[in-house]
Amino acid sequence: MKKLIGGTALLAGVAILAIAATALATPVSGVTSTIFAVGAFEELEAKTRLPGWRARIATKGATDVHILENRIQPGGTFGWHSHPGPSIVVVKSGTLTLFSADDPCTPHTVPAGSGFVDDGGDVHVVRNEGDVETVVYVTSLVPKGAARRIDEPDPGNCDDDDQNDDDDDDDERDRRDD
């Protein structure tokens, strides 16, 4: 009987934590995602060496590879989230602005024709702070059966105004001039 009560209490505690985490998650808005394909691999192992260049992709364990397109409207956001594995992101048009939970007040912009690698495991938010639609293509590697995207709560250590204000130095100079 004690095991049943203890197990029930533990299960209830886990359920409460899951509900609380979902309630604290920040919503996705202004984003349309199209999944082109999901492929299952037992493991990935690829190596290429050329003069002056080499590449390696390796996973241990069954892996799902997701290929998708994201269209982000001006002002659109993915909300705070993480991924269980790496993603290669290419910006086709527009500009992405990224913020990391480790430094949520410092924007990192990624213009069209460039990209970045998200190693996975880090909490971040991606937004379109421009005035045109941003289109990105993403290839993600995740453990078989895992969700590609994990909602995360806002780290709460930077105001949205701080994230959108590239003129902090100008504001400080204006205050000194007054």
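Figure 1. The model shown is predicted, so local features need pLDDT of at least 70 and side-chain atom pairs count only at pLDDT 80 or more, whereas totals for chains, interfaces and linings use all residues. Residues are numbered from 1 along each chain as its sequence is written, and side-chain values use heavy atoms, with hydrogens and water left out. Tyr137 is likewise partly exposed, at 28% relative accessibility. The count of aromatic pairs comes to one. In this pair, Phe36 and Tyr137 are stacked, at 6.2 Å centre to centre with 20° between the planes. Phe36 belongs to strand 1 (residues 29-41) and Tyr137 to strand 11 (residues 134-143), so the pair ties together parts that are 101 residues apart in sequence. Rings of Phe, Tyr and Trp (its six-membered ring) pair if their centres lie within 6.5 Å; planes under 30 degrees apart count as stacked, over 60 as edge-to-face and the rest as tilted. Strands (E, at least two residues) are DSSP runs numbered from the N terminus, as are helices (H or I, at least four residues).

Figure 2. The structure holds one cavity of 30 Å³ or more. About 160 Å³ of space lies in the largest cavity. A cavity is a set of points, on a 1 Å grid over the protein atoms alone, where a 1.4 Å probe fits but cannot get out; lining residues have an atom within 4 Å of a point. Grid points are joined across faces, edges and corners, and the volume is the space filled by probe spheres set on the points. The lining of the largest cavity comprises 16 residues, of which Asn70, His81, His83, Val89 and Val138 lie nearest its centre. At least two lining residues come from each of strand 6, strand 9 (115-118), strand 10 (124-127) and strand 11. Strand 11 gives the most, with three residues.

**Figure 3. The salt bridge of Arg56 and Glu45.** Five salt bridges are found in the whole structure, each a side-chain nitrogen of Lys or Arg within 4 Å of a carboxyl oxygen of Asp or Glu. Between Arg56 and Glu45, the closest N and O atoms are 3.6 Å apart.

Figure 4. Arg127 and Glu129 meet through their side chains in a salt bridge of 2.7 Å, N to O. Arg127 is buried, with a relative accessible area of 11%, whereas Glu129 is partly exposed at 35% relative accessibility. Elsewhere, salt bridges that share partners join Glu69, Arg71 and Glu133 into one network. Arg71 is partly exposed, at 30% relative accessibility, while Glu69 is buried, at 9%.

Figure 5. Ile88, Val90 and Val117 form a nonpolar patch on the surface, and together they have about 260 Å² of accessible area. Patches are made of residues with over 30% relative accessible area and no salt bridge; like charges are joined within 9 Å and nonpolar side chains (Val, Leu, Ile, Met, Phe, Trp, Tyr) within 5 Å. Accessible areas come from the Shrake-Rupley method with a 1.4 Å probe, and for residues only the protein chains shown count as cover. Val90 is placed in strand 6 (residues 87-93). Val90 is partly exposed, with a relative accessible area of 41%.

Definitions and conventions
Buried means under 20% relative accessible area, exposed over 50%, partly exposed in between (1.4 Å probe, protein chains only). On a 1 Å grid over the protein atoms alone, a cavity is a set of points where a 1.4 Å probe fits but cannot get out, and a pocket is an open set with protein on both sides within 12 Å along at least five of seven lines; lining residues have an atom within 4 Å of a point.
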